[in-house]
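Please keep the sequence and the model in view while reading the points below.

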Amino acid sequence: MLVQLKNVNKNFKSMQNIVFSLNSINLEADKGEIVTILGPSGSGKSTLLNIIGGIDRADSGSIIIEGVDLNKLNDKEITKYRRNNIGYIFQFYNLIPNLNIYENIEVSTNISENPLKIEEVLDGVGMLDKRNKFPQELSGGEQQRVSIARAIAKNPKILLCDEPTGALDYKTAKEILNLLEYVNSKYKTTIFIVTHNTAISRMSDRIIRLRSGEIVENIKNNNKISAKGVEW
Ligand SMILES: Nc1ncnc2c1ncn2[C@@H]1O[C@H](COP(=O)(O)OP(=O)(O)OP(=O)(O)O)[C@@H](O)[C@H]1O
C-alpha cells in the first residue's frame with residue numbers, strides 16, 4: 001500500500017473555538033490508483049489533500065507513505081518528503097509569471113533528487129514548442145498542461161490535484177483529464193483528484209466522499225471508465 005491514513009484528526013481553531021475538524025479519517029491508496037475526493041464546499045477536501053502532501057500537519061493519527069509516518073517527521077524531513085514525492089496541481093495553475101515555461105519547470109526539477117528530463121515531460125503534455133513562452137501568453141488549458149508538466153517533472157509518486165479542471169471549459173477540462181490518465185498510465189503515479197464534478201469520479205479507482213470533515217463514503221469503483229468517456 002502506498003498511502004495509508006489511520007485515524008487522522010485535524011482541528012482548525014479560532015481564539016477559543018474549534019471552527020472545523022477533520023475527524024477519524026481512514027483511507028488507503030495503492031501505487032498507480034486514481035482516487036477522487038468529492039464533497040461540498042468546506043467539507044475538508046483541500047485539508048485532506050494538504051495533509052497527504054505534508055503541507056498541513058495532522059493533530060493526531062498516522063499518515064503512512066511507503067511505510068514512513070509523516071506525523072513522525074520533523075520539518076526538514078517533511079520538506080524533503082514533499083520535494084521528492086509530491087506533485088501538486090492547482091485550479092489556477094500557480095505558474096511564476098516572469099519565468100518562461102521551461103524555467104517554470106526547472107524551478108521544480110532543481111530541487112528534486114530524481115527529476116525527469118524537462119523536454120520529455122513538455123513533449124508528453126504537448127507543450128514542447130511553447131517552452132520559451134511566458135504563462136500569460138498561454139490559454140488556461142495550456143497553463144494547466146504546464147503545471148502538470150511541472151508537477152510530473154519531479155518524478156513524484158503522488159500527484160495531488162485540487163480542482164484541476166475547475167477553471168476550464170468542458171473541452172479543455174476533458175483534455176486535462178486525458179492528460180492525467182496518460183500520466184497515471186505512463187508513470188504509475190498515484191493521483192488524488194479533489195473535485196466538485198462528480199462525473200470525474202467515473203475515471204477513478206476509488207471514490208471518497210467527505211461531509212463536514214468526515215468520510216461518509218469510501219468505495220472501490222468497479223465500473224471505471226477511461227477519461228474519454230467522462231461526460232457532464
Ligand atoms: N488554515 C486554516 N485555518 C482555519 N480554518 C481553516 C484553514 N484551512 C481551512 N480551514 C477551514 O476548514 C474548512 C475546510 O476547508 P477545506 O478548504 O479543506 O474545504 P474544501 O472541501 O476543500 O472546500 P472547497 O470545496 O470550498 O475548496 C473550512 O471551513 C475552512 O474555512
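**The surroundings of the ligand**

β2 (18–29) and α1 (45–52) each contribute at least two residues to the shell around the ligand. The model described here is a predicted one. The points below begin with this shell, then turn to the strands, to one helix and to several loop residues.

- The residues that surround the ligand are F12, V19, F20, G39, S41, G42, S43, G44, K45, S46 and T47.
- α1 provides the largest share of this shell, namely three residues.

**The four-stranded sheet**

- An open sheet is built from four strands in the order β2-β1-β4-β5, with antiparallel pairing.
- Its edge strands are β2 and β5 (68–69), each of which pairs on one side only.
- Strand β1 (residues 3–13) and β2 run antiparallel and are joined by eight bridges.
- These two strands, β1 and β2, form a hairpin, and four residues lie between them.
- Within this pair, K13 stands opposite I18 of β2.
- Strand β4 (residues 60–65) is joined to β5 by two bridges, and these strands also run antiparallel.
- Here I64 is found opposite D69 of β5.
- Helix α1, which supplies three residues of the ligand shell, lies across β1, β2 and β4. The helix runs at about 120 degrees to β1.

**The six-stranded sheet**

- Six strands make up an open sheet in the order β6-β7-β8-β3-β9-β10, and the pairing is mixed.
- β6 and β10 (214–220) are at the edges with a single partner strand each, so one side of each has no neighbour in the sheet.
- From one strand to the next, the twist averages 15 degrees.
- Strand β9 (residues 206–211) and β10 run antiparallel, with six bridges joining them.
- In this pairing, L210 has I215 of β10 as its bridge partner.

**Helix α5 and its cover**

- Helix α5 (residues 140–153) has 14 residues, which at 1.5 Å a residue should span 20 Å. The C-alpha atoms at its ends are 20 Å apart, in agreement with that expectation.
- α5 is mostly covered, since 12 of its 14 residues are buried.
- The buried residues in α5 are E142, Q143, Q144, R145, V146, S147, I148, A149, R150, A151, I152 and A153.
- The elements that cover these buried residues include β6 (86–89), α3 (101–109), α4 (118–124), β7 (158–162) and α6 (170–187).

- M127 is located in the loop between α4 and α5.
- Is M127 buried or exposed? M127 counts as buried because it has 21 C-beta neighbours inside 10 Å, and the cut-off for a buried residue is 20 or more.
- Leaving aside residues up to four places away in sequence, M127 touches I101, L122, E142, R145, V146 and A149.
- M127 and E214 are 87 residues apart along the chain, and their C-alpha atoms are separated by 39 Å.

**Loop residues with a positive phi**

- In general, most residues other than glycine have a negative phi.
- N155 is not a glycine, yet its phi is positive, at about 60 degrees.
- This residue, N155, follows α5 and belongs to the loop between α5 and β7.
- N155 counts as partly exposed because 17 C-beta neighbours lie inside 10 Å.
- K188 likewise has a positive phi, of about 55 degrees, although it is not a glycine.
- K188 is placed in the loop between α6 and β8 (190–194).
- With 12 other C-beta atoms within 10 Å, K188 is exposed, as the cut-off for an exposed residue is 12 or fewer.

Note on methods: Residues numbered from 1 in each chain as written. Predicted model: local features only at pLDDT ≥ 70, side-chain atom pairs only at ≥ 80, totals over all residues. Near = placed C-beta within 6 Å. Expected span 1.5 Å × (residues − 1). Contact = placed C-beta atoms within 7 Å. Pairing = 2+ DSSP bridges. Axes fitted to C-alpha atoms, helices over the stretch in contact; angles between N-to-C directions.
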